[in-house]
Amino acid sequence: MVITVFSPKGGVGKTTLALTLAKVLGETNKVCVLECDFSPGDFVSLLDLDKEKNIVNACLGDYRACLQKPQGEKFDVIVGGFPDMQESLKYADVERLIDSLSSEYDYVLIDLQPQVSEATVPALLKADRVLFVLEDDISAVSRTVGIIEYLKLHGFLDVSKACAVVNKVKGKGKYITAVDLGIPVIYSIPYLQRLSEYKDKKMIRHAKNLKDAFFEVKKEKSLLRRLLNGFKRVEQKDK
Ligand SMILES: Nc1ncnc2c1ncn2[C@@H]1O[C@H](COP(=O)(O)OP(=O)(O)O)[C@@H](O)[C@H]1O
Ligand SMILES: [Mg+2]
């Protein structure tokens, strides 16, 4: 299963959530996190990894040689690239890498950069689920609404696969409750004082809840789909 963590804005918690989810899912599953970020990303410094084993070399060479396991973790990662590297990747290169990873791992989590480009669109189109991360402020909410419209218009996003998590919530929901994102908001994570890193116990607890909420939505959807299919079958019989 490919889960892409995305937001049109930086600093909302994508990387933190992708890594905490990897830690939680990695307890019982084979997990790889692909940092699809050319800004460059944060994995190299955050996890103390080799920057040469990056997404570009994984796409253009042997991806297995680019897999790295952060110290003390059970999951693998492929680190992001640098701004000038993005143009060397075509859609099909990244698509092939995602296909290879998803055939080898139970879960492929993609930490996707905010900017949409040829090299990053496969992370949206190959995803089984796209998790939008946003904060409850006017800029994050309006940008999220805007990017969902844009992605839909260009056929880059299947909204039935998308859901949202609100992060760094302080107090009651404000903007998020007033706006219809067009996708379900499945969980809220409070602003955690002195959050040190993705391994933080409180963050892990929230990631576990998020994981439960995440698969719950899917179950509800498939139940709904089953019911609708049931109706369709009855209709067809009646004809
Ligand atoms: N729930 C939270 N409460 C407080 N700080 C958070 C929370 N989630 C993430 N952060 C912090 O916000 C900053 C940006 O997070 P990051 O995951 O790097 O965002 P992004 O990948 O979207 O740019 C980091 O310093 C991270 O520790
Ligand atoms: Mg990030």
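**Figure 1. Charges and overall form of the predicted model.** The 36 positive and 33 negative charges of the protein have mean positions 6 Å apart; Lys and Arg count as positive and Asp and Glu as negative, whereas His and the chain ends are not counted. Each charge is placed at NZ of Lys, CZ of Arg, CG of Asp or CD of Glu. This is a predicted model, in which local features need pLDDT of at least 70 and side-chain atom pairs count only at pLDDT 80 or more, while totals for chains, interfaces and linings use all residues. Residues are numbered from 1 along each chain as its sequence is written, chains are lettered from A and ligands numbered from 1 in the order in which they are written, and side-chain values use heavy atoms, with hydrogens and water left out. Along the principal axes, the C-alpha atoms fill a box of roughly 60 × 45 × 35 Å. The radius of gyration is 18 Å, which agrees with the value near 18 Å for a compact globule of 239 residues; this radius is taken over C-alpha atoms, and the globule rule is 2.2 Å times the number of residues to the power 0.38.

**Figure 2. Secondary structure, surface and contacts of the protein.** Eight helices and seven strands make up the count of elements; helices (H or I, at least four residues) and strands (E, at least two) are DSSP runs, numbered from the N terminus. The protein exposes about 12200 Å², of which carbon and sulfur atoms supply 52%; accessible areas come from the Shrake-Rupley method with a 1.4 Å probe, and for residues only the protein chains shown count as cover. Of the 239 residues, 48% count as buried, where buried means under 20% relative accessible area, exposed over 50% and partly exposed in between (1.4 Å probe, protein chains only). Among contacts (heavy atoms within 4.5 Å) between residues at least 6 apart in sequence, 74% join residues at least 24 apart.

Figure 3. Strand 1 runs parallel to strand 4 (residues 107-112), to which four bridges join it; two strands pair if DSSP finds at least two bridges between them. Within strand 4, V108 is the bridge partner of V2. Four bridges also join strand 1 to strand 5 (residues 129-135), again in parallel, and L131 in strand 5 stands opposite V5.

**Figure 4. R129 in strand 5.** R129 lies in strand 5 and is buried, with a relative accessible area of 6%. R129 and K161 are 32 residues apart in sequence, yet their C-alpha atoms are 4.8 Å apart in space.

Figure 5. The peptide bond that joins S39 and P40 is cis, with omega about -10°. P40 belongs to the loop between strand 2 (31-36) and helix 2 (43-47). D48, found in the loop between helix 2 and helix 3 (55-60), has a positive phi of about 55° although it is not a glycine. D48 is exposed, with a relative accessible area of 69%. K168, in strand 6 (residues 162-169), is likewise a residue other than glycine with a positive phi, near 60°. K168 is partly exposed, at a relative accessible area of 30%.
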